[in-house]
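I opened the model today and kept notes as I went. Here is what I looked up.

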Amino acid sequence: MFYAFRIPNYRLLWVGNALTSVAMWIQQTTMGWVVYDLTGSGSLLGGVNAVRTIPTVLMTPIAGVASDRISRNAIVATSQVALFLCTFLLAVALMLNKAEVWHLFAFSILAGAANAFNMPARQTMVFDVVPRNLLPNAIALSNLAFSVARTIGPMVGGALIVAFGPANNFFIQSFAYLGVMITVLMIRFPARNQAPSKKQSFFRDMAEGYSFAFKDPQARLLIFMSVINPLFLIPLHLALLPIYAKTIFEGGASSLGIMLGAIGFGGFFGGLLTASLNKVDQRGLLQIIALLIYSLSQAAFSIVGAVTGQLWLAVPFLSLAGAAESLFNTTNQTVLQFLAPDHLRGRLVSVLQLGPMIMPLGILNAGIFADIVGAPTVGAALSFMAFAVGVAILIFSPRMRNLRLSQLGSEPEQDPHAGVRVH
């Protein structure tokens, strides 16, 4: 389950992943508090969060090409310095009571741009430090760091606000980013394989990556699979659970916290399960099964919650959904990265970063229909739609059903760290 941790370079990379993920969730929690504390406006709170998506849309295609053409650890280290400066300056403004609304918008845009470059490079760096036979385990453990951060980050952020105040909270975040930079610079990376002809323009390189993503049948199918979660299933977490907490379970913020915590709890154990499946070759079928369990669990939560009105009866289904979601997402990322040629991997991963851009559409639709027919009906309907898509893929897509890791990638394997025993 933890075999990849035997590789020193991977341990440094994992620590950096964990630190940056926790810092991001702490930052998101603290920003929400600061915006509402300064403005008292829910609209501005939504606006500051929404502008984060602008640099993701604009910068991610560029970041994917940069990840394939430039040293990935240099990209990650530079992005961490940028995040340190933005966060440190905002902390100073808050400490001096000089922070204004435009500062918050500027911070969200700049931080979003830095993360747009950080994420594709960071997710593909695992291929630079881990031999191919351990990659499923290493990718699963990396995603486990994200799952743990999603669970504890908001809680730690709230505790830091209470203990130190928002300004000191941002100071702590800024130095966490410096710590990430140090861990990345300590890693020694081997030379990467390059495509035979790399004397292309930047935009031709970008087009090459997107052409592969949407013309290769397997890549196209995997990208389609990655869209199912933000379109049908995550809207229950973000749009419907607050309604459940207040109207179905007649609770409040504590009920919402229990439900979100249950998803994170399940995600943690789902990450451990995924990390233990290093020898499972049939990743296409595994991904379909995870999708079916994920969607049925959320449908069961919606129905049991509506029928009984008892949180304790419904919430176990959210934990099961969280575990299946972790298995589904990690498997999707693993297979797509295995499929990508070395010289296109950053660009292909950057395409996945655009998937969450569909999420606002799913959240908007879920909220609108919840006002019309109620949250349980919408939650069950969206979950059954995702289940129907999964069944259709299982029946009508032998390419996905029979997809195996051992069939992907034809480039020769290299041991990226001489002198380290990995078998």
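This is a predicted model: local features need pLDDT of at least 70, side-chain atom pairs count only at pLDDT 80 or more; totals for chains, interfaces and linings use all residues.

**Notebook: one serine, then the rings**

I started with Ser297 and asked what it touches. Leaving out residues up to four places away in sequence, I found Ser297 in contact with Phe317, Leu320 and Ala321. Ser297 itself is part of helix 10, which runs over residues 283-308. Buried or exposed? Ser297 has a relative accessibility of 4%, so I put it down as buried, the cut-off being under 20%.

Next I stepped back to the whole chain. I got 15 helices and zero strands for the protein chain. Of its 423 residues, 53% are buried. I also looked at contacts between residues at least 6 apart in sequence, and 87% of those join residues at least 24 apart. For the surface, I noted that the chain exposes about 18,100 Å², with carbon and sulfur atoms supplying 70% of that.

Then I went through the aromatics. How many aromatic pairs does the structure hold? I have 14 in my notes. I looked up Phe88 and Phe175: their ring centres are 6.3 Å apart and their planes stand at 90°, so I logged the pair as edge-to-face. Phe88 belongs to helix 4 (residues 72-95) and Phe175 to helix 6 (residues 135-185), so this pair ties together parts that are 87 residues apart in sequence. I checked how open each ring residue is. Phe88 comes out partly exposed at 28% relative accessible area, and Phe175 is partly exposed too, at 48%.

Phe268 has a relative accessible area of 31%, which makes it partly exposed. Phe269 is at 42% and gets the partly exposed label as well, because that value falls between the 20% and 50% cut-offs.

Which residues group into one aromatic cluster? I wrote down Phe2, Phe5, Tyr10 and Trp14.

The charged end of Arg345 sits over the ring of Phe127, and I have it at 3.7 Å from the ring centre.

Note on methods
Residues are numbered from 1 along each chain as its sequence is written. Side-chain values use heavy atoms; hydrogens and water are left out. Rings of Phe, Tyr and Trp (its six-membered ring) pair if their centres lie within 6.5 Å; planes under 30 degrees apart count as stacked, over 60 as edge-to-face and the rest as tilted. Helices (H or I, at least four residues) and strands (E, at least two) are DSSP runs, numbered from the N terminus. Buried means under 20% relative accessible area, exposed over 50%, partly exposed in between (1.4 Å probe, protein chains only). A charge sits over a ring if NZ of Lys or CZ of Arg is within 6 Å of the ring centre and within 35 degrees of the ring normal. Contact means heavy atoms within 4.5 Å. Accessible areas come from the Shrake-Rupley method with a 1.4 Å probe; for residues, only the protein chains shown count as cover.
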